Amino acid sequence: MRFQRFALAAMSFACTAAMAAEPIQPPWGKESNLGEKMMLEATSVCTDGKGHFVALTPDDEDTNAVLYYGDEKQLVQVPRPGPYTSATSFLDPRFFNKGANPNFRGIDWRVMSSVEIDRKERTCSLTCGEKKIPLTMLDGEPAAELLRKATFQPNPQKFVPYALLRDTKGAYYFVDRGFHEAEKKNYRVFIGPRGNLKAQKMTNVISDSEGEIFSTKRGDLRLLLDKAKPAMWIENTKRRLELRQVPVEENLPLIYNELGVYEGARLGTPCDDQ
């Protein structure tokens with residue numbers, strides 16, 4: 001049986017966090033040629049008038065357009081939620097739109113928000129769940145100047161949900177993993193009642209063809225690839241507690257708004273400050 005073991009030392013977290021904080025190059029680079037200059041000048045910038053800005057790079061087919069959000073000093077890249085989505089749509093489970101399609105092309109649009117930008121009419125607005133916020137498009141030179149002065153960063157999210165379970169008494173067992181590609185083997189485990197989950201000190205992670213074992217100082221959380229079988233929490237090799245697996249994708253608002261794990265965390269979306 002082949003195992004993959006991932007050490008979760010504090011040094012690893014520090015290194016990956018430092019990597020994620022390094023500035024990225026915007027699509028127009030250093031405006032070293034005509035194409036780059038045209039790219040910067042064609043990028044739309046909108047503001048809510050409170051020091052927050054969104055910027056959308058141009059692309060005729062919207063396949064390579066990039067959305068950024070931030071202030072006049074720093075803009076972060078907003079990730080697309082899937083391959084069939086517009087660059088102006090983004091995942092933000094903190095805001096819920098109960099009237100949206102729960103399953104269109106595999107995406108639950110109830111937890112999606114968006115920026116609407118009409119370059120021709122020079123109008124823009126922000127939608128966070130059911131909340132709509134008017135934005136104002138900046139004129140050419142002020143927009144270009146803001147883009148030249150700002151630094152550009154990767155999305156600031158550090159972790160995303162991976163697994164959610166609960167016992168018969170209502171305690172939750174939550175696992176998340178690193179958000180950025182280089183950090184996806186960094187796992188965390190939280191245990192506790194809704195609104196008060198506590199982080200467990202990780203010691204090891206084992207993954208094989210049967211499932212995963214997340215080892216902590218307190219005990220082991222065992223997840224099976226066969227979802228029909230119960231997951232298990234084991235303490236001191238004696239106390240075994242069967243757990244019910246809760247679908248992550250169907251419970252994102254619960255995870256982000258009620259468990260307490262992501263309280264105060266910024267997701268790097270235009271809804272961060274709404």
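In the predicted model, His 180 is located in the loop that links strand S12 (172-178) to strand S13 (187-192). The relative accessible area of His 180 is 18%, and since burial means a value under 20%, this residue counts as buried. A polar atom of the His 180 side chain lies 2.9 Å from the backbone oxygen of Asn 155.

Another loop residue, Asp 167, is found between strand S11 (159-166) and S12. Asp 167 has a relative accessibility of 9% and is therefore also classed as buried. Leaving aside residues up to four places away in sequence, Asp 167 touches Tyr 173, Leu 241 and Leu 243. The side chain of Asp 167 also has a polar atom 2.9 Å from the backbone nitrogen of Lys 169, and a polar atom of this side chain lies 3.0 Å from the backbone nitrogen of Gly 170. Asp 167 and Ala 231 are 64 residues apart along the chain, and their C-alpha atoms are separated by 9.9 Å.

The protein chain as a whole contains four helices and 19 strands. Its C-alpha trace spans about 70 × 40 × 30 Å along the principal axes. The chain has 274 residues, of which 46% count as buried. When contacts between residues at least 6 apart in sequence are considered, 48% join residues that are at least 24 apart.

Nine of the strands form an open sheet with mixed pairing, in the order S6-S7-S8-S9-S2-S3-S4-S5-S10. Strand S6 (89-91) and strand S10 (151-153) each have a single partner strand, so they stand at the edges and one side of each has no neighbour in the sheet. On average, neighbouring strands of this sheet are turned by 25° against each other, with direction ignored. Helix H3 (residues 140-149) packs on the sheet, where it touches strand S2 (44-47), strand S3 (53-56), strand S5 (74-78) and S10. The direction of H3 makes about 95° with that of S2.

S6 and strand S7 (residues 112-118) run antiparallel and are joined by three bridges. In this pair, Phe 90 stands opposite Ser 113 in S7. S7 is in turn joined to S8 by five bridges, again in the antiparallel sense, and Glu 116 has Ser 125 in S8 as its bridge partner. S7 and S8 form a hairpin with four residues between them. Arg 122, in the turn of this hairpin, has a positive phi of about 60°. Strand S8 (residues 123-128) also pairs with strand S9 (residues 131-137), in the antiparallel sense and over five bridges. Within that pair, Thr 127 has Lys 132 in S9 as its bridge partner.

Positive phi values also occur in two loops. Most residues other than glycine have a negative phi. Glu 31, which is not a glycine, has a positive phi of about 55°. This residue lies in the loop between helix H1 (10-20) and helix H2 (34-42), and its relative accessibility of 15% places it among buried residues. Arg 105, likewise a residue other than glycine, has a positive phi near 55°. Arg 105 is found in the loop between S6 and S7 and is exposed, with a relative accessible area of 57%.

The largest pocket holds about 590 Å³ of space. It is lined by 26 residues, and the closest to its centre are Pro 81, Leu 91, Met 112, Glu 249 and Leu 252. S6, S11 and helix H4 (252-257) each supply at least two residues of the lining of this pocket.

One cavity of 30 Å³ or more was counted. The largest cavity contains about 60 Å³ of space. Its lining consists of Cys 46, Thr 47, Asp 48, His 52, Phe 53, Val 54, Tyr 69, Leu 126, Leu 135, Pro 270 and Gln 274. The elements that give two or more residues to this lining are S2 and S3, both of which belong to the nine-stranded sheet and are touched by H3.

Notes
Residues numbered from 1 in each chain as written. Predicted model: local features only at pLDDT ≥ 70, side-chain atom pairs only at ≥ 80, totals over all residues. Heavy atoms only, no water. Pairing = 2+ DSSP bridges. Axes fitted to C-alpha atoms, helices over the stretch in contact; angles between N-to-C directions. Contact = heavy atoms within 4.5 Å. Buried < 20%, exposed > 50% of the residue type's maximum accessible area, 1.4 Å probe, protein only. Polar contact = N/O pair within 3.5 Å; in protein donor to acceptor, adjacent residues only side chain to side chain. 1 Å grid on protein atoms, 1.4 Å probe; cavity = no way out; pocket = protein on both sides within 12 Å on 5 of 7 lines; lining within 4 Å. Points joined across faces, edges and corners; volume = space filled by probe spheres on them.
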